[in-house]
Structure formats: C-alpha cells, structure tokens
Amino acid sequence: MPIDEDVTGFEIDADVRQELLSLPKGLAEEVSRNLVMVARLIDEDPEQAYAYSRIALRLASRVAAVREAAGFAAYATQKYSEALAEFRAAKRMTGSVELWPVMADCERGLGRPERALAMAGEPEVQKLDKAGQVEMRLVAAGARRDMGQLDAAIVTLQSPELASNSVQPWTARLRYAYADALLAAGREDEAREWFAKTVEADKDGAMDASDRLAELDGVEFVDALGGDEPDDVDADIDIDADDEDDEQDAAEVAAAERASDQAEYYDEDDEEYEPLERSAADADLDATDEIAVVEDEDEDEDEDEARDRDKA
C-alpha cells in the first residue's frame, strides 16, 4: 500500500508524505497508517486517536509530522503538558511558527494564561499567516478571560477581521468568541447581535450560536415526540402508595448493585478482600424473603392436611 493512501479514505498530506520518504518503505507505510487513524478519530474518539499517535511516535519520533500529530492527539485529550512538549519538538525540527497559537493555548490549559499573553506579544506572531494571527487573537482573548479581564478580552477580539463582512474559515469562531465575551460582561443586546452574525457565517452549523440566540430570546424547545400530559383522572392515584413502591424499588436496586459490585470488584482469594458491610435495606430484603419462605411452607402444609382429610 502506498504511503499516501489508506483503506479509510484519508490521504496523507504531501509535506508529510515527503517526510515519511526518509524512512524505510515498510516502516513508512506503518507510520502512515497510524497517522491516518489519528486524523480519522481525533474528533470522534480522541482517546483512540491518542493511542494511535503513541504507536507512530514509537516508530518514528524523529519525524516532525509524527511529533505534530502526537501533539494534537494529546491536546485533544487535554494532556496539555505532553502536547506542548510535542509541539515544541516539531517546531525545533521544522523551524515553522505555525504551531505558536496552539502552544500558547496549551499554556492556558496548564493554568498559565500570563504565559499565553506573553507569547501573543512575541515576534513569532508577526510571522503567522492571517488564520494563525486570528487564532492567536482568540487565544489571547481567552487568556484575558482566564484572568478575569473581560473588558480586555472584548477589546482584544475587536479587529478588522471581526468587522469584515466577508466570511473566512475563522469568521464564525471569531464572532462567537466575541458574542460570548459580550454576554459574560452582561451586554446582552450586543451579544444577541453577534450570535446572529455568527449564525450567518456558520454555514456548516458547527457551533451552537443558534441555540445561544434562542436562549437569549427566551425560546423554549418542546419535545415533539414526548408523550401527552396525564389526564385529570390520574390525579386520584394514591401518591403515598406510589412513594412506598418507589422506596422499595430503590432499596432492591441498591442491594442488587451492591451485590454486583462485590461480585465484580472483590476476589475472595485476594488477601486484601473485605466483604462489603450489609445495609439496613439488605436486612429488610432478607427478612422479606424469609417471611415469603415461611408463608410458602405454611401453604404447603395446609395443602398436605387437606389431601389427608380427602383420603380419609
């Protein structure tokens, strides 16, 4: 199988493919397959994507594309320290600054927003393309919010890209972040306006701007598939009896769960095994079972006596 193809239908980027050509053919194909799986799963199953990235990393840790993929997989699973280390390694290998915004966001994830803000003022930002600069602005605004500086976050997002009427790949995210910051600052009318503008730019519906807008307008969604409201006749149901039944059901469920937990998590052969303490609910259930058994035995005796009389 060529290293730029995979049965999943994903293709390896040309630059990545060029990097993989430095590896022996068999190894390159194996690394390629794992990178494809990372790309395929990173959104729907980030933990599994992370597992594939670790395999690729063990096979080819000196390939920048592998370090970058491992960084994004770790980032997707909120392993920010690990992600930052991988991004730094990829940056050293390539000399590119394109990972600068996500590196700054890792600093935020590690609880260091001040470092993210410092990175926003570094010369590397000027080397980013337009998309990268907008991303850096979003990270800086997020760092301001982390530090409780809402007004500064709003000012940070005010830019020519935000004011532009043209729709770019970053437009919806930028407008959404601005609307969310306005709402957090209590400026609801302005927030409503910008959530509406976000909806206009979000052609794929990837963001929940329409839901946020509806929430601001006081719109409540009703489940059309839900059942009808109960009739008035049901109001005469004995509520106390229902409560007693619910309590009994809850006690039975709790006892069953404890029994299941004991069977699953405790091994009697283990030296540290300690049986779970019995609760009052368990005792009540046992007492109920004993009464039922006695009643069954009494019924059996009555039936035997009746048969003896019939024979006499």
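Here is a walk through this predicted model, from the overall fold down to a few individual residues.

Start with the whole chain. Its secondary structure comes to 15 helices and zero strands, so helices are what you will be looking at throughout, by the DSSP runs used to assign them. Of the 312 residues in the chain, 30% are buried. If you take the contacts with a separation of 6 or more, 49% of them link residues 24 or more positions apart.

Now look inside. The largest nonpolar core has 27 residues, and the members that touch the most others are Phe 87, Leu 99, Trp 100, Met 103, Ala 104, Leu 128 and Met 136. Where do the residues of this core come from? At least two are supplied by each of helix 2 (25-41), helix 3 (46-59), helix 4 (64-76), helix 5 (80-94), helix 6 (100-109), helix 7 (113-120) and helix 8 (130-146). Helix 6 gives the most, with five residues. There is also a second, separate core of 20 residues, and Ile 154, Leu 157, Tyr 176 and Trp 194 are among its members.

Setting aside neighbours within four places in sequence, Leu 99 is in contact with Glu 68, Phe 72, Phe 87 and Ala 90.

Take helix 8 as the partner to begin with: the two axes are 9 Å apart and the packing angle is about 10°. Angles under 35 degrees count as roughly parallel, so helix 6 is roughly parallel to helix 8. The crossing here is left-handed. On the helix 6 side the contact uses Trp 100, Pro 101, Ala 104, Asp 105 and Arg 108, while helix 8 brings Gly 132, Glu 135, Met 136, Val 139, Gly 142, Ala 143 and Asp 146. Sorted by class, that contact has six nonpolar, two polar and four charged residues.

Next, turn to helix 7. Its axis and that of helix 6 come within 7 Å and cross at roughly 160°. An angle over 145 counts as roughly antiparallel, which is why helix 6 is described as roughly antiparallel to helix 7. This crossing is left-handed too. Helix 6 makes the contact with Trp 100, Met 103, Ala 104, Glu 107 and Arg 108, and helix 7 answers with Pro 113, Arg 115, Ala 116 and Met 119. By class, the contact of helix 6 with helix 7 has six nonpolar, no polar and three charged residues.

A couple of buried residues are worth a stop. Asn 34 is found in helix 2. Is Asn 34 buried or exposed? The relative accessible area of Asn 34 is 4%, and the cut-off for buried is under 20%, so Asn 34 is buried. Leaving out residues up to four places away in sequence, Asn 34 touches Tyr 52, Ile 55, Ala 56 and Leu 59.

Ala 70, in helix 4, also counts as buried, at 1% relative accessibility. Not counting residues up to four places away, Ala 70 touches Ser 53, Leu 57 and Glu 86. Ala 70 and Tyr 50 are 20 residues apart along the chain, and their C-alpha atoms are separated by 7.0 Å.

Follow the chain on to the loop between helix 4 and helix 5 and you reach Gln 78. Most residues other than glycine have a negative phi. Gln 78 is not a glycine, yet its phi is positive, at about 60°. Gln 78 counts as exposed, at 57% relative accessibility.

Finally, two partly exposed residues. Met 147 sits in the loop between helix 8 and helix 9 (150-157), with 35% relative accessibility. Apart from neighbours within four places in sequence, Met 147 is in contact with Pro 113, Glu 114 and Leu 117. Between Met 147 and Gly 111 there are 9.9 Å, C-alpha to C-alpha, and the two are 36 residues apart in sequence. Lys 197 lies in helix 12 (residues 188-201) and counts as partly exposed at 26% relative accessibility. The C-alpha atoms of Lys 197 and Arg 175 are separated by 7.0 Å, with the residues 22 apart along the chain.

Terms used. Residues are numbered from 1 along each chain as its sequence is written. This is a predicted model: local features need pLDDT of at least 70, side-chain atom pairs count only at pLDDT 80 or more; totals for chains, interfaces and linings use all residues. Side-chain values use heavy atoms; hydrogens and water are left out. A nonpolar core is a set of buried Ala, Val, Leu, Ile, Met, Phe, Trp, Tyr and Cys residues joined through side-chain atoms within 4.5 Å. Buried means under 20% relative accessible area, exposed over 50%, partly exposed in between (1.4 Å probe, protein chains only). Helices (H or I, at least four residues) and strands (E, at least two) are DSSP runs, numbered from the N terminus. Contact means heavy atoms within 4.5 Å. Axes are lines fitted to C-alpha atoms, for helices over the stretch in contact, and angles run from 0 to 180 degrees between N-to-C directions. Angles under 35 degrees count as roughly parallel, over 145 as roughly antiparallel, 65 to 115 as roughly perpendicular and the rest as oblique. A crossing is left-handed if the near helix is turned anticlockwise from the far one by less than a right angle, and right-handed if clockwise. Ala, Val, Leu, Ile, Met, Phe, Trp, Tyr, Cys and Pro count as nonpolar, Asp, Glu, Lys and Arg as charged, and the others, Gly among them, as polar.
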